Amino acid sequence: LAEHLGTDGITLKYGLGQCSEQVWETIGGGMLLTAPFPTDRSMPQQLTDGAETCGIGSKHIIWGEVNTHRVLSFSTTTNLLEVQLLFRMQDLLLSVPDLDLTQVLGFILGMARVSYIVLPCSALDDNMSTMLQNVETWAASSKFIVGPKQFTFTVDPVGPRFTFRESAANSCARVLHRVQLKAMNRGTRHFWCFHNHNVYTHKFDLHLANYNDIWLHYVTNKKGKTKNLTSKWP
């Protein structure tokens, strides 16, 4: 995986674990965010103490535990990270019981330009291309005012199929995939909070095209009152 990483931007890793230090060694001079799962509470204390243990100082930030509210809130912000590491999808699904796999991927994959993902053993079909087509269809049909509205992904395998040990009692044959965000339209809120949109009279649409072209579209509830903020982003 090291040859595929290496960025000065922000990398988000879902789940604590011993790999945090190795991940940091591969991502260069950027920032590492870690979003722990509720199941991480039972991990040894030395793995959950945070930045000092990993030896990466202030460039490692550990967020609050993953839950449905936080996933939904994050998906409606104007944040766009460089890389996401999604190696513990089953734990992620257990942390957001209100969402199925397609919905989870729809809310999360739009938050980074590139995501590395291993599908959970509970997914009967690990065809990532088919899964991403389902996510694209879901986003287009959901008709969100804020949230995922349109996606186009590209996907490539990273290495051969391997035996993925999801837990001490469960393993399956899986492939590590590199999912890249080619195009996106994601409705976002004025503040990082999953509030009722009706409280405010405006929102934003975060657009991405051709992998790198990005702009923010300001939208009000008054007909015709829209404005592109291209020159103000990023």
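Start in strand β9, where V179 is the bridge partner of S115. A word on terms: strands (E, at least two residues) and helices (H or I, at least four) are DSSP runs, numbered from the N terminus. Two strands pair if DSSP finds at least two bridges between them.

Some ground rules. This is a predicted model, so local features need pLDDT of at least 70, side-chain atom pairs count only at pLDDT 80 or more, and totals for chains, interfaces and linings use all residues. Residues are numbered from 1 along each chain as its sequence is written, and side-chain values use heavy atoms, with hydrogens and water left out.

Back to β9, residues 177-188. Which strands does it pair with? β5 is one: four bridges, antiparallel. Strand β6, residues 147-157, is another: ten bridges, again in the antiparallel sense. Here F151 stands opposite M184 of β9. Then there is β10, residues 202-209, joined to β9 by five bridges and running antiparallel. M184 turns up in this pairing too, opposite L208 in β10.

Is β9 enclosed or open? Nine of its twelve residues are buried, so β9 is largely enclosed by the rest of the structure. Buried means under 20% relative accessible area, with exposed over 50% and partly exposed in between (1.4 Å probe, protein chains only).

Next, the disulfide. By definition that is a pair of cysteine sulfur atoms within 2.5 Å. How many are there? The count is one. C121 and C172 form it, with their sulfur atoms 2.1 Å apart. What does the link tie together? C121 sits in the loop between β5 (112-117) and α7 (128-142), and C172 in strand β8 (residues 170-174), so the pair ties together parts 51 residues apart in sequence. The angle about the S-S bond is -85°, a left-handed link. Both cysteines, C121 and C172, are buried.

Stay with β8. Its partner is strand β7, residues 162-167: antiparallel, five bridges. β7 and β8 form a hairpin, with two residues between them.

Now the whole chain. It has seven helices and twelve strands. Of its 234 residues, 48% are buried. Take the contacts (heavy atoms within 4.5 Å). Among those with a separation of 6 or more, 61% are between residues 24 or more positions apart. The chain exposes about 11,700 Å², and carbon and sulfur atoms supply 52% of that. Areas are Shrake-Rupley, 1.4 Å probe; for residues, only the protein chains shown count as cover.
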